[in-house]
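Let's take a walk through this model, starting with a pair of helices and moving on to a sheet.

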Amino acid sequence: MPCRTISGALRAAALGLVVALAPGLSVAGQAGDADLGRKLYWEGIGADGTPIRGVTQGDVEVTGAQFSCVSCHRPSGFGTSEGGNYMPPIIGEVLFNPRTPDRNRNFKELYQEVQPPGFWARVRQPRMRPAYDSDSLARALRDGVDAGGHEFDPIMPRYDLSDADVANLAAFLRTLSDEISPGVDARDIHFATIIGPEADPEAADAMLRTMELFFGWMNKDTEGDTHNPTFSPNYRSNFISAYRYWQLHVWRLEGPPETWRAQLEAKYAEQPVFATVSGLVEGPWDEIGAFCDARRLPCIFPNTELPTPGEGRYGYSVFFNRGLALEAEALGLHLGDQPTAPARVVQIHGPGPEGERPAHAFAETMARVLPEVPVETLAYADAAGLRAALAQAQGADVLALWPQDIDAALAVLAGAAPGAARVYLPSAAKDSANRMLSPEALARTRLVWPYDKPDGYHPRKFRVRGWMHSRRLEVSHPRIQLQTYYALTMAQFSLLHMIDDFYRDYMLEIIEHQAENELNPGTHPELALGPGQRFASKGAFIAELAPDTRLGYRVVSDWIVP
């Protein structure tokens, strides 16, 4: 873990120990400003508008911009654990009440991951503490001495904080995760899944069938455990308040993307949900993502090739990868890594974001890795336009095709004369290309493949398939169904860890933490997230088409990470 993160963690951990003011108490008689406290928490900016300053390790100067509380205690205020460091919760409910041993809270703080012995010993300590008054609070933050007179670790910065800064921070922490998020009641927790108007009906049906079986399975477990809470003494009965029945709402969108936001608002007004899980959207995610961010609604691993561009720090949509933009960038890097640079590169793209976004990403990447090779970019609007573009691309060394309608584009490509030495297609073209292209065309064609190799080994994959087969679920769309199962598993594990702290920010933070914990069902080589990250898989392969094999492709490159 970087020194910056460790220092921020310990600073925030110290805040969790010291900001234990009784309700209504202000520092030096000052009433705190929660908005200014939020700025300090998120940005390390003090009441005077400048970064707060301090010293760590005795003489290393630091500023608040380097050690914002949110980097370790997260947007929810519930903290985290990483690399042997434990950052405790600092929400008002915890800070402004006496600290006592709590089996349930201790349980949720024990992330299921490898940690050194010192971590486990620290987490299991009761960590009881006396209340702080304004003097002991100021001493703790400025001098690094707690209310009991014990000195903090030297890595904990000693900060030059004003009384107003401390009062503002305390005021903000009282508002942090202070109300249960919408979509949860005493019995049920509500989830939605979003299906776009252009989604393949058969794929959508396979996804929904997977979700319905998973929801039924979860609810059967809930029924059994809540009706027999003492079946496992001192375990399930301790967590009975955490159980909820899962309710699934299917939000089907209609019309063009610019109308989706209003449709989602109407559906949400009818029944708020705690999160959206999985989903199948052929168009751009932008309007849906704006809705998720505005509602602070986790949207967990939808099946889409056009996710919201950019990492979107602390955005509320979490994706498998960056979709077509990732594929285009990976192709550019692949071409730049060849022993001999291509002399002529042409890309042809269809109308709309399905064509324009990868074309833009490919051109930018090529300009960076092969600036001496100009990319000829041709656009088309219909079949006639594509035929004309293919004729213009005759003799190219490389042709990248980014169609809007893959089957329509491949029908034109199959009837055209050979136009380039090598043709590259997006991953979604695999099945249609194997079916529609001639053997000669197949030999010249490659895919950009952001999923796992055919021989990739993931123990979880066999367990998930066993779960599906035991419930007689037809696996007609393996990748979509396995990705859907993974999204559902993320929701399940996050709720298991949350217990009854039903806060949406907290759910996303647990998903960030748990995504890499051996839950990959085999769809990608690796799935992992970090704080603020929103794309779990970072790269792609180049693959050749192989209609003679069971899966229809062979990987012919290393894993390429843009």
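Helices α2 and α8 are roughly perpendicular to each other, because angles of 65 to 115 degrees count as that. Their axes cross at roughly 95° and come within 7 Å. Helices here are DSSP runs of H or I with at least four residues, strands are E runs with at least two, and both are numbered from the N terminus. Axes are lines fitted to C-alpha atoms, for helices over the stretch in contact, with angles from 0 to 180 degrees between N-to-C directions.

This is a predicted model, where local features need pLDDT of at least 70, side-chain atom pairs count only at pLDDT 80 or more, and totals for chains, interfaces and linings use all residues. Residues are numbered from 1 along each chain as its sequence is written, and side-chain values use heavy atoms, leaving out hydrogens and water.

Who touches whom? Contact means heavy atoms within 4.5 Å. Among the residues making the α2–α8 contact are Leu 36, Tyr 41 and Trp 42 of α2, and Leu 169 and Phe 172 of α8.

Now for the sheet. Seven strands form an open sheet with mixed pairing, in the order β14-β13-β15-β16-β17-β18-β19; strands pair if DSSP finds at least two bridges between them. Neighbouring strands are turned by 30° against each other on average, direction ignored. The edge strands each pair on one side only:

| Edge strand | Residues |
|---|---|
| β14 | 375–379 |
| β19 | 553–555 |

Further in, β15 (396–402) and β16 (420–425) pair in the parallel sense over four bridges, and Leu 399 has Val 423 in β16 as its bridge partner. Helix α14 (383–392) lies across β13, β14 and β15, running at about 180° to β13.

Conventions:
Parallel < 35°, antiparallel > 145°, perpendicular 65-115°, else oblique.
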